[in-house]
Amino acid sequence: MKDSAPLLDKLKQHLSVKAKKPLYQRFAAVIKSEVRSGALRQEDILPSEREFSQYLEISRITVRKALAELEQEGVVKRARGYGTQIVSQMEYSLKEPKGFSQQVVLKGKTPDTVWINKSIIRCTKEIASWLKLKPGSEVFLLKRIRYVDEQAVSVEESWVPAALIAHADDIGISLYDYFRQHNITPVTTQSRVSARMPDEEMLALIALPENVPVLVISQLALDAQNAPLEYSISYCRSDMYTFIAG
């Protein structure tokens, strides 16, 4: 368990200030702020209700209400005999064509990518239909593991028309950074979300409990003329992602 003194001190300082908002909501707001800043991370264990109550000099009922609110919002998970654990979910907008890495950075987190494949292939009929190409046209297949704050969170496969990428090795952490450097601008996205249990490949690539479902995000990125730039399928840890539509 990490040192809880900084969190307890911050809570005590914040709750000592008079405010109209209920105490339990202010308590919960501090925890959420610490998660967003990265001070609290995935799997960190919070102090017990008794420890919070004694140090902060507030009732256990207030602590319990705050933790219940955090659990309802998916910020923490609670298990008898184990304690209250942070679930640092990554909010990802399905409508903003910023790309994964930029969205992660804007939320104060650190993205990273481990590439599995960057190769030119002949596209299938299905991929061709998404990218408005003839079946068998050359496309880049880009496959990678995505990380947030050194935690593997998803596996993504992308198909990009070969004409849009001069040298695949020039693509670093972010495909969309490469696009921006070459004056290619995604403007809109079309997305579909489904869920399934992880297969053996997903379990091998990401340390994922077998009972945690995978969110499957199919997404098409388009430019201002509605020309397809990328079709992708992402397999995301459902316990670490929150998808928003706007």
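This is a predicted model: local features need pLDDT of at least 70, side-chain atom pairs count only at pLDDT 80 or more; totals for chains, interfaces and linings use all residues.
Residues are numbered from 1 along each chain as its sequence is written, and side-chain values use heavy atoms, with hydrogens and water left out. Local features need pLDDT of at least 70 and side-chain atom pairs count only at pLDDT 80 or more, while totals for chains, interfaces and linings use all residues.

Let us start with the largest nonpolar core, which has 22 residues. A nonpolar core here is a set of buried Ala, Val, Leu, Ile, Met, Phe, Trp, Tyr and Cys residues joined through side-chain atoms within 4.5 Å. Buried means under 20% relative accessible area, with exposed over 50% and partly exposed in between (1.4 Å probe, protein chains only). The members that touch the most others are Leu11, Phe27, Ile31, Leu46 and Phe52. At least two residues of this core come from each of H1 (5-15), H2 (23-37), H3 (49-56) and H4 (60-72), and H2 gives the largest share, six residues. Helices (H or I, at least four residues) and strands (E, at least two) are DSSP runs, numbered from the N terminus. Leu11 touches Phe27, Val30, Ile31, Phe52 and Leu56, leaving out residues up to four places away in sequence; contact means heavy atoms within 4.5 Å.

A second, separate core has 21 residues, among them Ile127, Ile145, Val212 and Ile233.

Back in the helices, have a look at H3, where Glu49, Phe52, Ser53 and Leu56 are buried. Why do they line one face of the helix? Seen down the axis of H3, the buried residues fall within an arc of 95°, so they line one face; the arc is that of the directions from the helix axis to the C-beta atoms. After H3 comes Glu57, with a positive phi near 60°.

Now for the strands. Lys143 lies in S5 (residues 138-148) and counts as buried because its relative accessibility is 12%. A polar contact of 2.5 Å joins its side chain to that of Glu201; such a contact is a pair of N or O atoms within 3.5 Å, where within protein one must be able to donate a hydrogen and the other to accept it, and residues adjacent in sequence count only if both atoms are side-chain atoms. Beyond four places in sequence, the contacts of Lys143 include Trp115, Asn117 and Glu156.

Ser154, in S6 (residues 151-161), is buried at 2% relative accessibility. Among its contacts beyond four places in sequence are Arg144, Ile145, Tyr235 and Cys236. Cys236 is itself buried, at 2%.
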